[in-house]
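The following exercises are to be worked through with the sequence and the structure at hand. Each task is followed by a solution in steps.

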Amino acid sequence: MRVNAFTVVPSLPESLKRLDELARNMYWCWDPEILALFVRLDRDLWNTTYHNPIKMLGSIRQERLDEISRDDGFLSHLERACRRFDNYTQGNSWFQQAHGNSGALTVGYFSAEFGISETLPIYSGGLGVLSGDHVKASSDLGLPLVGVGLLYRQGYFRQYLNADGWQQEIYPENDFYNLPVVLLRNPDNSPLTIQVDFPDRAVAAQVWQVAVGRIKVLLLDTNLTRNRPEDREISAQLYGGDQDTRIKQEIVMGIGGIRALEAAGIHADVFHMNEGHSAFLGLERIRGFMAKYSVSFETALEAVRAGNVFTTHTPVAAGNDSFPASMAEYYFRDYVQNHLKIDTQAFLGLGRQNPQDRQEPFCMTVLALNLAANCNGVSKLHGKVSRGMWRRVWPGVPVDEVPIASITNGVHIRSWISQEMATLYDRYLGPRWAENPEDESVWTRADEIPDAELWRTHERRRERLVAFARRSLRNQLLRRGEPENEVRRADEVLDPEVLTIGFARRFALYKRGALLLRDAERIKKILTDKTRPVQFIFAGKAHPADHSAKEIIRQLIHFMRDPDVRRHVTFIEDYDMNIARYLLQGVDVWLNTPRRPLEASGTSGMKAAANGALNLSILDGWWCEGYDPSFGWAIGQGEEYKDVSLEDDIQSAAIYDLLEKEIVPTFYQRGADGLPREWIRRMRASIQVLCPGFSATRMLRDYLEGPYMSAAAESVRLVADNLKGAAQLADFKKRMKQHWSEIQVRDLVARTDSEIGVGEEMPVEATIQLGGIEPTDVLVQIYHGPLSNKEEILDGRASDLEYKRSVDGVHVFAGAIRCESSGRYGFAVRVLPRHDAFSSPFESRLIYWA
């Protein structure tokens, strides 16, 4: 049977035409004026359509549209909303004012998921929500950025729990024609498509676009009738399927994403790989340079590396995508031979920490590290952990010098703040808290917020959270077919006046969602205290294949069924951005219990802080930087354990101690006016410090002023004159490799046989044979620092030796070590290639230690 498809669109009266424009740009999800406009249109339908203005406009009764088209109040509201929208999207941005045309650059931002709103369910958790905040902050700053990803027909799974508390998954289909996405079209009105070659076939993908304020996000969809049935499923599910599905998704996103940008007429200068899923984009860019300029793989590689930025998010080894070498070879054999023109082992080596190890799988993180000149983790601690994880990519380089930097994550505050808190900030901080949230001076004005007003605002949000949790539990019980008396008990769960603690995140073993149950009797006593009770709200999904994480959820559910605690603990199913907002805006304390150092950053605590909640967390990820005892609590002191059972015992006990001795007493310590003054002081201090320090605009400026601008400048330099700079750099590296084995330190003179006084300098002179390498092409350094008991240099730092002279084919370099404190020290001499275009001294992967 042949099906003839057609599209039905909302029929809006002329005076309401711009509602469709407002609905199709997701700026509405963080602009209160536009959001209120859609709620005003039909509050019940807004909730029924789960905050989807496109579906809402297509479902609303025509009589209602005709009615409001004559409503002067609504039309005035629409006019204000349109004016705000036009001023935002068309007005001068910070980027234009700060950089003008001279700073023009466009960033291609690739991510496997984008969490912009619950309306567009193509995200699973932290990575996607961060991507969404990255895009929104780029829009606020006016940074020219375009997102690239996949449009998943089924998105991430929907969660529900069975009667035993075991997680079940369903995969409802997304109706793209009732979502804020638009199918891009060619001049002849045919859908814009790209093609990616797989073994024995080509796979086509059509390109959809999401408008997010000033930013566009391109999303690829392989569900086309011209594709094979199995290829139509490539873009079906986020993180679904097996390894074969995953590599096909990443080929489409990386290679297809670059082709989509070109097909859409978008020129990007910098390419940001947000996690390793999109690393194949580097290969496609190399292919493009080779074809356009008729250059070698090595030359194209240098041009591509300069413009690529890579952010790693995963300190858990299993979270970094790896594929069997045979699978990578199968999908890329023809691509490598026909386009990259290198041998298969050279290609596979790009994805291996040891390129010579043929047993090592092909890792997408390693590929990204090899194809990007600028690499970073997402917190200071995560940067350190990443340098240790991936040090073998740079053999011989001390771990502290591995060229992986860190840019700590931030959150788009306007997307997560409650309307009540936003109104409070407007009143006492002025509009700049929303316009320049990274400005510390703005947040100091939080001192002007009266204690009573801040507390009442927070209490209203806690009341709304409790009401929402009860409704959610009631619906969960009804869906499960529980008896009516059980359903009625949902209205007795939680108390809007009790200390409320939230724990909501992806469930995984290292996040330890059931750590509180380590001593069930002790936590039960804390929960059920007659005069100072406590209540917990849990939410979160486990990956469908992670049965250990599902068991943690099941343990929590069984604990909650204890008659003594059932009013004090609940679990909200199907965690998403909407549920997250209720929790973040209503809890008093936000709990985070990862096993250090496995939390790359975490951002939920930042969002909770913006709403006045206090953080109780392991010192991991962002909390290592954000923690201050004046406004939050640390579980432990940053220890790391080999015995995980002992770790759980110690840290669960620490949580109980903090609750019993500090958190609960502080919350319930009230003055004559009923206000918890010390708690409010902590809330205010937390807001003042954490809001500016962990805002997404601060994060974006860090990216812009760091890797984005440097990548753009270096890329321009290497690409100019038909890749002349890239060719010179490739030739330099080739020459270094040819002659590197000829380097030898012939003599080393230093005063190591006598003691050196603090404040004195110890001269060092090295005589080095360089063979066919010029002395101006190397960097000779002393690497020095305190010695451990194993004669290893600790906290080493490098000092350059200056070239002095050449004698009989050898070269003399000299310098000194300044001795700033007493103790036993050591040093070593090393030689590195030197080139102005290097992003780091270790870029060539060549290092000689004397």
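**Exercise 1. The contact of two helices**

Identify the residues through which α12 and α30 meet, and describe the geometry of their crossing.

Solution. The model is a predicted one.

Step 1. On the α12 side, the contact is made by Glu-298, Thr-299, Ala-300, Glu-302, Ala-303, Arg-305, Ala-306 and Gly-307. On the α30 side, the partners are Ala-711, Glu-714, Ser-715, Leu-718, Val-719, Leu-723, Ala-726, Ala-727, Leu-729, Ala-730 and Lys-733.

Step 2. By residue class, the contact of α12 with α30 consists of 11 nonpolar, three polar and five charged residues.

Step 3. Two packed helices are described by the angle between their axes and the distance between the axes. Helix α12 covers residues 297-307 and helix α30 covers residues 696-739. Their axes come within 8 Å and cross at roughly 145 degrees. The crossing of α12 and α30 is right-handed.

**Exercise 2. The surroundings of Asn-374**

Is Asn-374 buried or exposed, and which residues beyond its sequence neighbours does Asn-374 contact?

Solution. 

Step 1. Asn-374 belongs to strand β13, which comprises residues 374-377.

Step 2. The relative accessibility of Asn-374 is 17%. Buried means under 20%, so Asn-374 counts as buried.

Step 3. With neighbours within four places in sequence left aside, Asn-374 is in contact with Ala-306, Asn-308, Val-309, Phe-310, Pro-707, Ser-710 and Ala-711. Among them, Ala-306 and Ala-711 also take part in the contact of α12 with α30.

**Exercise 3. Burial in α15 and α16**

List the buried residues of α15 and of α16, and state what the buried residues of α16 pack against.

Solution. 

Step 1. Helix α15 (residues 364-371) is mostly covered, with eight of its eight residues buried. These are Met-364, Thr-365, Val-366, Leu-367, Ala-368, Leu-369, Asn-370 and Leu-371.

Step 2. In helix α16 (residues 380-389), the buried residues are Leu-381, His-382, Gly-383, Val-385, Ser-386 and Arg-387.

Step 3. The packing partners of these α16 residues are β13, β14 (405-406) and α27 (623-626). Strand β13 is the strand that contains Asn-374.

**Exercise 4. Backbone exceptions**

Locate and characterise the backbone features at Pro-597, His-51 and Asn-722.

Solution. 

Step 1. The peptide bond from Arg-596 to Pro-597 is cis, its omega being near 10 degrees. Pro-597 is placed in the loop between β18 (589-592) and α26 (604-610).

Step 2. His-51 has a positive phi, near 65 degrees. His-51 is found in the loop between α3 (43-48) and α4 (53-59). Its relative accessibility is 11%, so His-51 counts as buried.

Step 3. Asn-722 likewise has a positive phi, near 55 degrees. Asn-722 lies in helix α30. Its relative accessibility is 59%, so Asn-722 counts as exposed.

**Exercise 5. The whole chain**

What radius of gyration would a compact globule of 850 residues have, and what value does the protein chain have?

Solution. 

Step 1. A compact globule with 850 residues would have a radius of gyration near 29 Å; the protein chain has 29 Å, which agrees.

Step 2. The C-alpha trace spans about 95 × 70 × 50 Å along its principal axes.

Step 3. Of the 850 residues, 58% count as buried. Among contacts between residues at least 6 apart in sequence, 73% join residues at least 24 apart.

Step 4. The secondary structure of the chain comprises 30 helices and 28 strands.

Key: Residues are numbered from 1 along each chain as its sequence is written. This is a predicted model: local features need pLDDT of at least 70, side-chain atom pairs count only at pLDDT 80 or more; totals for chains, interfaces and linings use all residues. Side-chain values use heavy atoms; hydrogens and water are left out. Axes are lines fitted to C-alpha atoms, for helices over the stretch in contact, and angles run from 0 to 180 degrees between N-to-C directions. Helices (H or I, at least four residues) and strands (E, at least two) are DSSP runs, numbered from the N terminus. A crossing is left-handed if the near helix is turned anticlockwise from the far one by less than a right angle, and right-handed if clockwise. Contact means heavy atoms within 4.5 Å. Ala, Val, Leu, Ile, Met, Phe, Trp, Tyr, Cys and Pro count as nonpolar, Asp, Glu, Lys and Arg as charged, and the others, Gly among them, as polar. The radius of gyration is taken over C-alpha atoms; the globule rule is 2.2 Å times the number of residues to the power 0.38. Buried means under 20% relative accessible area, exposed over 50%, partly exposed in between (1.4 Å probe, protein chains only).
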